[in-house]
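Have the sequence and the 3D view open while you read.

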Amino acid sequence: MSVSTYSGSRRFNKKPLTFLMTVNAFFASTVVFSWTLISVFVAEPVSWATWAPLDSTTTPELFGYPFILLWGLPLAGVFLAWVAKNFHNCRMAYLSVIVPILILSSIFCYYYFVPLQYH
């Protein structure tokens with residue numbers, strides 16, 4: 001016979017959550033620190049989606065509108081996931097790290113894979 005000291009609520013696996021938090025943090029740090037390398041692929045879809053110019057040849061302002069979308073949204077998701085994980089709110093934690101990935105990947109996929117006549 002074994003004794004369980006868990007309080008009765010469901011446990012959730014923290015490894016996928018940690019992986020998604022790492023993916024978001026990695027993307028945000030790549031945008032901030034390696035803009036010249038990824039701007040070839042990232043600048044044009046984001047400027048198309050936000051209707052705000054984002055230059056791929058120069059480093060934009062850190063708190064400029066389209067640029068903060070690229071690094072601020074994933075970092076906000078990581079922060080909210082960390083807070084939700086500490087309050088044992090599994091759904092909110094996963095939602096806050098999945099939404100930035102879905103938003104940014106849908107922008108990039110729509111821009112690169114949908115024919116130009118539908119833009």
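Start with helix H3 (residues 65-86) and helix H4 (residues 90-113), whose axes come within 6 Å and cross at roughly 165°. Keep in mind that this is a predicted model. Angles over 145 degrees count as roughly antiparallel, so H3 and H4 are roughly antiparallel to each other. Their crossing is left-handed.

Which residues of H3 and H4 meet? On the H3 side they include Leu 70, Leu 73, Pro 74, Gly 77 and Ala 81, while H4 brings in Met 92, Ala 93, Ser 96 and Phe 108, among others. Sorted by class, the contact has 14 nonpolar, two polar and one charged residues.

Now for the nonpolar cores. The largest one has 14 residues, and Val 31, Trp 35, Val 42, Leu 54, Leu 70 and Phe 108 are those that touch the most other members. Helices H1, H2, H3 and H4 each give two or more residues to this core, with the largest share, five residues, coming from H2. Zoom in on Val 42: leaving aside neighbours within four places in sequence, Val 42 is in contact with Trp 35, Leu 70 and Phe 108. There's also a second, separate core of 10 residues.

| Core | Residues in core | Members include |
|---|---|---|
| Largest | 14 residues | Val 31, Trp 35, Val 42, Leu 54 |

As background, nonpolar side chains tend to be buried together in soluble globular proteins.

Key. Residues numbered from 1 in each chain as written. Predicted model: local features only at pLDDT ≥ 70, side-chain atom pairs only at ≥ 80, totals over all residues. Heavy atoms only, no water. Axes fitted to C-alpha atoms, helices over the stretch in contact; angles between N-to-C directions. Helix = DSSP H or I, 4+ residues; strand = E, 2+ residues; numbered from the N terminus. Parallel < 35°, antiparallel > 145°, perpendicular 65-115°, else oblique. Left-handed = near helix turned anticlockwise from the far one by under 90°. Contact = heavy atoms within 4.5 Å. Nonpolar A, V, L, I, M, F, W, Y, C, P; charged D, E, K, R; others polar. Core = buried A, V, L, I, M, F, W, Y, C linked by side-chain atoms within 4.5 Å. Buried < 20%, exposed > 50% of the residue type's maximum accessible area, 1.4 Å probe, protein only.
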